Amino acid sequence: MNAFATEFRRDLAISARHGAETMNPIAFFALAAFLLGLGLGQSTSRLDEAAGGALWVLALFANVLAVEGLFSRDREDGSLEQLLLHAKPLFAALLGKVAAHWIVSGLPIAALSPLVALLVDVPPSGMFALALTLLLGTPTLALVGAIGAALVAGTGRGGLLVALLVMPLYVPTLLFGSGAAMTALGGGDPSAELLWLAALLALSITLAPFGIGAALRVGQEY
Amino acid sequence: MGKATEWFRRTFHRMGSPRWFFAGSRGWMLGLYLVGGALIAIGSAWGLGFAPTDRLQGDSYRILYVHVPAAHLAEAVYVAIAIAGAVHLVWRMKMADLAIAAAAPVGMTLTAAALATGYIWGIPTWGTGWVWDARTTSMLVLLFLYFGLIALRQAVPRADRAALAVSVLAIVGVVNIPIIKYSVDWFTTLHQPASIRIGERPSIDPSMLWPLAVNALGYYLFLVGVVIAALRAKIIEREAKADWVRTWVQAR
């Protein structure tokens, strides 16, 4: 667990020192929701049914944009290579990195989603259910997205490629996440979908770090 | 037993040599084209001309003789790519990567063909071409997975490095395919359940099944021939600096 804590604390400290940069995904999420509301002609009735799904898609985009640069700074200053050489176990260290990344990208998006939901006229009863679905879903997005970010880290190509690689893999999370949000907004009980989201999270915590590690090792050889 | 193992080991090692594969594969390719093409001709003529008309769907069901083989192959090719990716990562066999590079566009084309024929078939039978049904959706996801494989290869400048990245992505993709399939299945489905399952009596009548089986086998053989042809082209491209390629080109 030591490797986890070391990486987790280190990455959080780095994020704290780049405050503005860390704010970007959250600002993007709010801005995109604002544009969505405007683009649909400020007519709230049209948004009623689709709001849960729409916010989920926006959160997914924000996540792809945020995760893209997850390894780029560490790669540039060489600390990624050191990590791959000495981290024991690498699994825990990578999990720590992704967890720290989620604390500054996924968690604030989930926490702020009730406020953003005001823009698209989500009723207060549904707001917290929406936040809960994002709270359970965004860690999975971060873990799966990190595999794509690791694969692309060495190529010098940016976000579009990462998006192309990982968005098909986001399909299950999106289905259950937006499904839960829409059920909750419609007044139903979303616990079945929430359990599925939790299952996906458990699965990706177990498997994704292996994928991230393999991808980073490969990337180190570019 | 010892002899068979020895033979397998030698063949496996030879298969790893682009030069040996290139020299030996021309005959296989032509043979596969010939047998596969003949089976497709027989199966298609049988299915389109002689198999009975469906009571509910009329003649429109006959697109099944293209749709089903294409859809099966599209998935089989992705699994084959993932296996080749694992072989490449473990043994760093160059041929495994060249096989991925050769097979990915073929698989992508088949996926597109399955989606297109499905769309056309859907219009008379479902009343709409595209539906957010379990299997159409997961087929579309498969198309995007193929896009990703091809895009990643082009993004990494050095061919041998791109090979490693693509292998990792292929394995990640194949782990995800069942999850994607089940999650999409969870949505109620409009697509008919699979008619042919291993170990059960197929729910499709034998008079319609036989031409389909012949056609599917023909598609498999023919497409393996196509992949071998693409693989031969990749070998010449990747080994362009080798002496044997130069002599081979000059001899033509």
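Here is a friendly walk, in questions and answers, through a predicted model of two chains.

Visitor: Before we start, what kind of model is this, and how are its residues and chains labelled?
Guide: Residues count from 1 along each chain as its sequence is written, and chains are lettered from A, with ligands numbered from 1, in the order in which they are written. Local features need pLDDT of at least 70 and side-chain atom pairs count only at pLDDT 80 or more, while totals for chains, interfaces and linings use all residues, since the model is predicted.

Visitor: Good to know! How many helices and strands are there in chain A?
Guide: Helices (H or I, at least four residues) and strands (E, at least two) are DSSP runs, numbered from the N terminus. From that end, the elements of chain A run α-α-α-α-α-α-α-α-α-α-α. The count is 11 helices and zero strands.

Visitor: What radius of gyration does chain A have, beside that of a compact globule?
Guide: The radius is taken over C-alpha atoms, and the globule rule is 2.2 Å times the number of residues to the power 0.38. The C-alpha atoms of chain A fill a box of roughly 55 × 30 × 30 Å along the principal axes. For 222 residues the rule gives a value near 17 Å, and chain A agrees with 18 Å.

Visitor: What percentage of the residues in chain A is buried?
Guide: A residue is buried if 20 or more other C-beta atoms lie within 10 Å of its own, exposed if 12 or fewer, and partly exposed in between, with C-beta atoms placed from the backbone. Of the 222 residues in chain A, the buried ones make up 50%.

Visitor: And chain B, what is its secondary structure, and what percentage of its residues is buried?
Guide: Chain B follows the pattern α-α-α-α-α-α-α-α along its sequence, which comes to eight helices and zero strands. Its C-alpha atoms fill a box of roughly 60 × 40 × 35 Å, taken along the principal axes. Of its 252 residues, the buried share is 37%.

Visitor: Where the chains touch, which element of chain A gives the most residues?
Guide: Two residues are in contact if their C-beta atoms, placed from the backbone, lie within 7 Å. The contact takes 20 residues from chain A and 22 residues from chain B. On the side of chain A, helices H8 (124-152), H9 (159-166), H10 (171-185) and H11 (191-219) each give two or more residues. The most, five residues, come from H11(A).

Visitor: How do H10(A) and H6(B) lie to each other, roughly parallel or oblique?
Guide: Axes are lines fitted to C-alpha atoms, for helices over the stretch in contact, and angles run from 0 to 180 degrees between N-to-C directions. Angles under 35 degrees count as roughly parallel, over 145 as roughly antiparallel, 65 to 115 as roughly perpendicular and the rest as oblique. The axes of H10(A) and H6(B) (residues 159-185) come within 8 Å and cross at roughly 25°. The two helices are therefore roughly parallel.

Visitor: Which residues of H6(B) make that contact?
Guide: From H10(A) come Val171(A), Pro172(A), Leu175(A) and Phe176(A). Nonpolar residues are Ala, Val, Leu, Ile, Met, Phe, Trp, Tyr, Cys and Pro, charged ones are Asp, Glu, Lys and Arg, and the others, Gly among them, are polar. The contact divides into seven nonpolar, one polar and no charged. The partners from H6(B) are Ile179(B), Ile180(B), Ser183(B) and Val184(B).

Visitor: Within chain B, how do H4(B) and H7(B) lie to each other, oblique or roughly parallel?
Guide: H4 (residues 94-125) and H7 (residues 206-238) of chain B pack at about 130°, with their axes 8 Å apart. Their contact has 12 nonpolar, no polar and two charged residues. From the angle, H4(B) and H7(B) are therefore oblique.

Visitor: Is Asp59(B) buried or exposed?
Guide: Asp59(B) is found in the loop between H2 (18-50) and H3 (64-91) of chain B. Its C-alpha atom is separated by 8.6 Å from that of Leu48(B), 11 residues apart along the chain. With 10 other C-beta atoms within 10 Å, Asp59(B) is exposed.

Visitor: Finally, how many other C-beta atoms lie within 10 Å of Pro124(B)?
Guide: Pro124(B) is found in helix H4 of chain B. Its C-alpha atom and that of Gly58(B), 66 residues apart along the chain, are separated by 9.7 Å. Pro124(B) is partly exposed, and its count is 14.
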